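Here is a friendly walk through one protein model, with the structure shown first.

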Amino acid sequence: RPTAPWWTSAVVYQVYPRSFADSTGDGIGDLVGITSRLDHLQRLGVDVVWLSPIYLSPQADNGYDISDYQAVDPVFGTLEDFDRLLAQVHERGMRLVMDLVVNHTSDEHPWFVESRSGKDNPKRDWYWWRPAREPFTAGEPGAEPTNWESFFSGPTWTLDETTGEYYLHLFDRKQPDLNWENPEVRAAVHEMMRWWLDRGVDGFRMDVINFISKHPELRDGPTTGTGGLGNGFAQFATGPRVHEFLQEMRREVFAGRTGNFLTVGEMPGVTWEDARLFTDPARGEVDMVFQFEHVSLDHGPGGKFDPKPLDLRDLKASLGRWQTALGETGWNSLYWNNHDQPRVVSRFGDGSRESATALATVLHLHRGTPYVYQGEELGMTNAPFAGVDDLRDVESLNHFHRAVEAGQDPEAVLTALRAMGRDNARTPVQWTADHEAGFTDGTPWIAVNPNHTWLNAAAQYDDPHSVFHHYRRLIELRHTRPVVAVGDFTMLLADHPHVYAFERRLDDVRLLVVANLHGTEQTVDLAPEWAGATAVLSNTAGHDVDASRAILQPWAALVLELT
Ligand code: ISL
């Protein structure tokens, strides 16, 4: 067996800077705040910090709209603050990975300001400009060059009055898509990446990187969207040149550098067949994908804001398929949460400490690289948003206004946003029971969850049964047991509606993971050889393993070992 790369036994921790820790009292988290809390990460034992965007930005999408890739936004601090954070992360034996958002820029980026200034501008072709669709006149309804619906509601095209042409934006109108067909665009991105690596960063998490190659004909998609709009996915996802672009990036940016780097391709909608190509080490594209199949299983026919209950069998089928598909070649990320997803303990759990630790056990015992999203290690929950005024996210606000304009009941729209909205992940980290959860001395940009009075880091440090310590033990298990990192995976009880069970095996070492992901007691029969196994880890919910039968209290999770 070839030696596994370092990141196969690593755990990544995602920091969303706006909501992590505020050192200035302006209510917005910042780099100095992050640096002041590195003890927390070290205690948890994570290997890599992924920093969501800190670059100069109008903050239309909380920094995923960048106007200068080589400057730090003043709300987060200065480049010197960044260098100090990086040095401190390294000092503590961790690595720092930057968010690379290069499918699009901000409309306030100088590249776009130039591009929009005239049809003859040398940077015109750096973005996707198209005239109105025949026979329409620019500005008329239906004149957009394609029928595609934006991820953030409405058409993916906005008319620019200066030249009377439309520009493409898969996300908000303030996030115009770069034209990667143009070699100057690619060279500019490579140069910027080298600049950050020269500064000492350890790699990149690449935002929607499977969208950078579009089919240049830009054809209409099936009209499955809201208000007659279409789905352009087949035209912009995993386009004809995406593998070429990623191989070129690897060569241009990483060739000749020594170090332990990490590249992660965030790829909404990627298939496992394509994921295997993207992460086959022999092809030199990215180290791992970050895919969304398992967090789309509770989306109804109307999409994420039309949620339906999760069927655990679907979750097992999805995660199990990815384990098999990337078993020999390729690598996957493992996550329940990021800054775009509702909190898992509210979504697939029941809000309890037991459900948080049971879900964590299941995820962290899969093969792949686990990601912990800030606050997840505390069991932070969704937020009780009272009304639309409590929401901040551009996706949620756009959806609310369009849905209500289209005649939907505002209360019903809010109910869906409460369950699925991205702001659930973005409330401030709950450090203490004090004023604003110890996040800020001022007024936070988004309300702190009132449950911080009992759900907070300070309360958990001294409690060995806390969610925090359970995550710490799971991370330690991955570091110390090669079977967790690289062992084979076999799903068990695939048809059981409430119990998630699987086996991991490496040479003579076998681990059995059994978790009751339901609020009622469950009894399952195990293969007879497990009768003599020893428990390596369990959460606080009770269980009883007698001979080959396991009786599992609600949300009980255990890991057994056979050697
Ligand atoms: O959460 C989503 C919207 O329903 C996803 O489709 C999400 O937009 C998608 O996974 C891409 O996310 C990334 O790019 C976006 C940014 O808003 C997200 O925060 C980022 O993670 C545009 O840069």
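## Domains

The domain assignment of the protein gives domain 1 (106–177) and domain 2 (487–562); such bounds come from an automatic or database domain assignment. Taken over C-alpha atoms, the centres of domain 1 and domain 2 are separated by 54 Å.

A word on the basis of these values: this is a predicted model, in which local features need pLDDT of at least 70 and side-chain atom pairs count only at pLDDT 80 or more, while totals for chains, interfaces and linings use all residues. Residues are numbered from 1 along each chain as its sequence is written.

## Around the ligand

The ligand has 13 residues around it, and Asp61, Tyr64, Phe171, Pro268 and Asp340 come nearest. A residue counts as near a molecule or strand if its C-beta atom, placed from the backbone, lies within 6 Å of it.

By residue class, this shell holds 6 nonpolar, 1 polar and 6 charged residues. Here Ala, Val, Leu, Ile, Met, Phe, Trp, Tyr, Cys and Pro count as nonpolar, Asp, Glu, Lys and Arg as charged, and the others, Gly among them, as polar.

Two packed helices are described by the angle between their axes and the distance between the axes. Axes are lines fitted to C-alpha atoms, for helices over the stretch in contact, and angles run from 0 to 180 degrees between N-to-C directions. Helices (H or I, at least four residues) and strands (E, at least two) are DSSP runs, numbered from the N terminus.

Helix H5 (residues 183–199) packs on helix H7 (residues 242–254) at an angle of about 45°, and their axes are 10 Å apart. H5 and H7 are therefore oblique to each other; angles under 35 degrees count as roughly parallel, over 145 as roughly antiparallel, 65 to 115 as roughly perpendicular and the rest as oblique. On the H5 side, the contact is made by Arg186, His190, Met193, Arg194 and Leu197, and on the H7 side by Phe245, Glu248, Met249, Glu252 and Val253 (C-beta atoms, placed from the backbone, within 7 Å). The residues of this contact of H5 with H7 divide into 5 nonpolar, 1 polar and 4 charged.

Helix H11 (residues 353–364) and helix H15 (residues 467–480) have axes 10 Å apart and an angle of about 10°, which makes H11 roughly parallel to H15. H11 contributes Arg353, Ala356, Thr357, Ala360, Thr361 and His364 to the contact, and H15 contributes Val467, His470, Tyr471, Leu474 and Arg478. These divide into 5 nonpolar, 4 polar and 2 charged residues.

For helix H12 (residues 394–405) and helix H13 (residues 410–420), the angle is about 155° and the axes are 10 Å apart. That makes H12 roughly antiparallel to H13. In H12, Ser396, Phe400, Ala403 and Val404 meet Pro410, Val413 and Leu417 in H13. This contact has 6 nonpolar residues, 1 polar and no charged.

## Backbone details

Most residues other than glycine have a negative phi, and most peptide bonds are trans. Glu134 and Pro135 are joined by a cis peptide bond, with omega about 0°. Pro135 lies in the loop between strand E6 (129–130) and strand E7 (157–160).

Val208, a residue other than glycine, has a positive phi near 30°. Its place is the loop between strand E9 (203–206) and helix H6 (233–236).

Terms used. Two residues are in contact if their C-beta atoms, placed from the backbone, lie within 7 Å.
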